[in-house]
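Here is a short briefing on one protein chain. Keep the structure in view while reading the points below.

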Amino acid sequence: MLTPYPQPYPYASPSACPVAPDPGSAPDDAELSCSMTLPASPRSAGIARQAVRAALRAYALDPLEPAAVQAASELLGSAWRMDPYGELYLSVRYRDDALRVIVYDGHPAHAHPRLAALCEARRRSTLRVFSALVRDHGGDWGVGPSREPGGGTRTWATLPHRPHQPHRPHQAHQPPNG
């Protein structure tokens, strides 16, 4: 019989091409890596919230969702205020039991030290809620020059993963029988 398949059952034949695993058998240590470029617009924060929420749920990182969604929203809002006419870039990565949320904007670094200090103070003032959120979550954050070729500013937060601990009701001490 003529057939385009080398064997009667092509699904059983060995292949040099890797086969994607069944979604139910994904490794527990899967690393989340999601990024997007958004227009500098007040609407971009809402888009980012939806995207971060969906990515965290897809990777079963639900305990990080409230803090990460708020962090992405605050970072994008601040970046938009600093660069209202360019593009914003959001990156969300989970590795080594921590989530890193990074936003890049095109606001350039200032050469004059006092102007640079005023600009950084302005940016940090727009991130007061964000700063408290990250601190309360036990994380860290910072602002610095972008490492991207176009320059600009990079603002980031690291949020450690705290797996959900089931609530255990307090049990009264019971004396041993006997």
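I102 has W156 in β5 as its bridge partner. That pair belongs to the antiparallel pairing of β3 with β5 (residues 153-160), which spans 8 bridges. The model is predicted.

**Overall make-up**

- The chain has 4 helices and 5 strands.
- Starting at the N terminus, the order of elements is β-α-α-β-β-α-α-β-β.
- The chain has 178 residues, and 34% of them count as buried.
- Take the contacts between residues at least 6 apart in sequence: 62% of these join residues at least 24 apart.

**The sheet**

- An open sheet is formed by 5 strands, in the order β1-β2-β3-β5-β4. Its pairing is antiparallel.
- β1 and β4 (140-145) are the edge strands, and each pairs on one side only.
- From one strand to the next, the twist averages 15 degrees.
- β1 (residues 33-39) and β2 (residues 87-95) run antiparallel, joined by 7 bridges. In this pairing, T37 has Y89 of β2 as its bridge partner.
- β2 also pairs with β3 (residues 98-105), again in the antiparallel sense, over 7 bridges. Here V92 faces V101 of β3.

**The α1/α2 pair**

- Helix α1 (residues 44-58) packs against α2 at an angle of about 150 degrees. Their axes are 9 Å apart.
- The crossing of α1 past α2 is right-handed.
- On the α1 side, the residues that meet α2 include A45, A48, V52 and L56. R49, R53 and R57 of α1 are also among them.

**Positive phi in two loops**

- Most residues other than glycine have a negative phi. Two residues of this chain deserve a look on that point.
- A60 has a positive phi, near 55 degrees, and is not a glycine. A60 lies in the loop between α1 and α2. With a relative accessibility of 59%, A60 is exposed, because the cut-off for that term is over 50%.
- D96 is not a glycine either, yet its phi is positive, at about 50 degrees. D96 sits in the loop between β2 and β3. That hairpin has 2 residues between its strands.
- Is D96 buried or exposed? D96 is exposed, because its relative accessibility of 77% is over the 50% cut-off.

**Cysteines**

- How many disulfides does the structure hold? The structure holds 0 disulfides.
- C119 has a relative accessibility of 14%, so C119 counts as buried.

Definitions and conventions: Residues are numbered from 1 along each chain as its sequence is written. This is a predicted model: local features need pLDDT of at least 70, side-chain atom pairs count only at pLDDT 80 or more; totals for chains, interfaces and linings use all residues. Side-chain values use heavy atoms; hydrogens and water are left out. A disulfide is a pair of cysteine sulfur atoms within 2.5 Å. Buried means under 20% relative accessible area, exposed over 50%, partly exposed in between (1.4 Å probe, protein chains only). Two strands pair if DSSP finds at least two bridges between them. Axes are lines fitted to C-alpha atoms, for helices over the stretch in contact, and angles run from 0 to 180 degrees between N-to-C directions. A crossing is left-handed if the near helix is turned anticlockwise from the far one by less than a right angle, and right-handed if clockwise. Contact means heavy atoms within 4.5 Å.
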